[in-house]
Amino acid sequence: MEWNEENGLLLIPLGLGCLAVWWLMPSAKQRPRILGGLAALAAILMMQLMLLPPAGDYVRNVLFFLFAAAAVISAGLMITDRNPVYSALWFALVTLAVCGLFLLNSAPFLSASTIIVYAGAIIVTFLFVIMLAQQSGTATSYDQQPIQPAMATIGAFILLGALLFTLQEWGHIDGKSTNQHAEPGQFIALPEGIQPNPLSQAPQDNPHEIGSLRVLGRSLFGDYLFAVEIAGTVLLIATIGAIAIAPRRSQGTL
Amino acid sequence: MTATALESQLIVGATLFILGVIGFLTRRNLILIMLSAELMLHGVSINLTAFSRYHGNPQGQVFTIFVLTIAACEAGLALSLILSLYQRRKSLDIFLWGKLGEDDLPVFSGSPAPPITVTVDPNVDLPHLTPAGRMPKTQPGPQTKT
């Protein structure tokens with residue numbers, strides 16, 4: 001009973017979100033999408049009330065909720081849209097919203113590179129393949145018949161509930177938490193005895209400058225030089241593999 | 001200092017990850033499955049940058065750069081794989097690849113695959129392997145199926 005009073009409030013938006021995603025899934029018979037949309041909106045609003053920060057920078061909070069809501073709504077529309085082309089475009093919107101969140105986390109370089117890599121390269125090539133493969137333009141039958149939507153939705157939302165309950169146990173998402181103090185046992189406590197490289201720390205006078213090219217480059221090519229070399233090798237191998245796997249023109253083009 | 005609470009960002013990241021999981025499990029389009037995997041990577045990236053901001057060091061952002069690198073590799077490889085799969089069956093439906101065995105072999109276990117609607121002679125240029133579990137014929141002669 002005690003547990004119910006403390007944590008039961010989370011169950012309502014979780015259940016609503018689960019219902020909304022299941023309702024919006026494409027199926028053989030048309031369901032009115034407005035009902036699912038309303039349920040999803042109610043779930044997001046309830047979650048938002050739960051996350052409301054106590055005080056602080058007003059503009060930053062508004063921007064955070066704007067980007068977060070855009071990301072979550074676009075993601076929901078992406079996985080439930082019938083047309084794969086629209087799904088890819090919704091994914092582009094998710095990418096833009098996530099880049100906004102990166103900016104709020106003082107990562108401007110990361111935001112710009114994510115936009116370039118995802119919106120500029122990945123989504124364009126995916127769209128290219130979709131349009132190559134489905135030239136008729138109409139939604140195909142397999143896009144309208146998801147695999148076991150109820151089971152997948154319920155299972156995934158149980159996982160989300162487990163994550164949120166764990167967060168609530170440790171991080172106290174009750175609107176009263178502040179970021180200032182890390183209590184012992186909380187997941188945000190700094191590890192003991194591990195000193196970071198002083199070269200890759202943000203300057204003391206401006207601690208928000210962690211995403212600048214100077215700090216990021218020092219960390220990338222100082223602390224993680226070996227990993228950078230490995231990543232470059234992985235990129236090269238992936239390029240060779242993609243060229244080797246891709247169908248030849250002699251075997252007949254698409 | 002940091003007005004946006006860390007927990008809020010973790011919740012947004014978890015929600016994006018879960019939506020990606022749902023898309024990965026339910027969609028039947030090969031390309032949408034890959035896009036859902038990228039959505040999961042986005043959720044993880046939000047977590048990493050939020051912790052980076054919270055601790056005030058750039059290591060989370062460095063990890064996000066590595067995630068970006070691996071995502072680019074994955075997208076390239078996945079696209080070439082999807083293209084060669086599409087060339088064989090002329091469809092992006094993942095159900096057509098539910099059974100990877102050859103059609104003339106007996107099915108030993110498992111539920112029967114859903115009926116394949118597209119009949120474009122799928123085994124035209126697939127390599128024909130020796131069936132596993134039985135000794136190959138050493139004497140030349142007519143092949144008998146069991």
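**How chain A meets chain B**

In this predicted model, 85 residues of chain A are in contact with 66 residues of chain B. On chain A, several helices take part, and each of the following gives at least two residues to the side that touches chain B: helix 4 (58–80), helix 5 (84–104), helix 6 (108–133), helix 7 (149–171), helix 8 (213–223) and helix 9 (225–245). Sorted by class, that side of chain A holds 61 nonpolar residues, 21 polar residues and three charged residues.

Chain A contains nine helices and zero strands, and reading from the N terminus its elements follow the order α-α-α-α-α-α-α-α-α. The chain has 254 residues, of which 29% count as buried. Among the contacts in chain A with a separation of 6 or more, 57% come from residues 24 or more positions apart.

Chain A is also divided into two parts, domain 1 (9–171) and domain 2 (197–254). Where these two domains of chain A touch, domain 1 contributes six residues and domain 2 contributes six residues. On the domain 1 side of this contact, five residues are nonpolar, one is polar and none is charged.

Finally, a word on confidence. The model as a whole scores ipTM 0.83 and pTM 0.80. For chain B, the mean pLDDT is 78, with 66% of the residues of this chain reaching 70 or more.

Note on methods. Residues numbered from 1 in each chain as written. Chains lettered and ligands numbered in written order. Predicted model: local features only at pLDDT ≥ 70, side-chain atom pairs only at ≥ 80, totals over all residues. Contact = placed C-beta atoms within 7 Å. Helix = DSSP H or I, 4+ residues; strand = E, 2+ residues; numbered from the N terminus. Nonpolar A, V, L, I, M, F, W, Y, C, P; charged D, E, K, R; others polar. Buried ≥ 20, exposed ≤ 12 C-beta atoms within 10 Å, placed from the backbone. pLDDT = per-residue confidence, 0-100. Domains from an automatic or database assignment.
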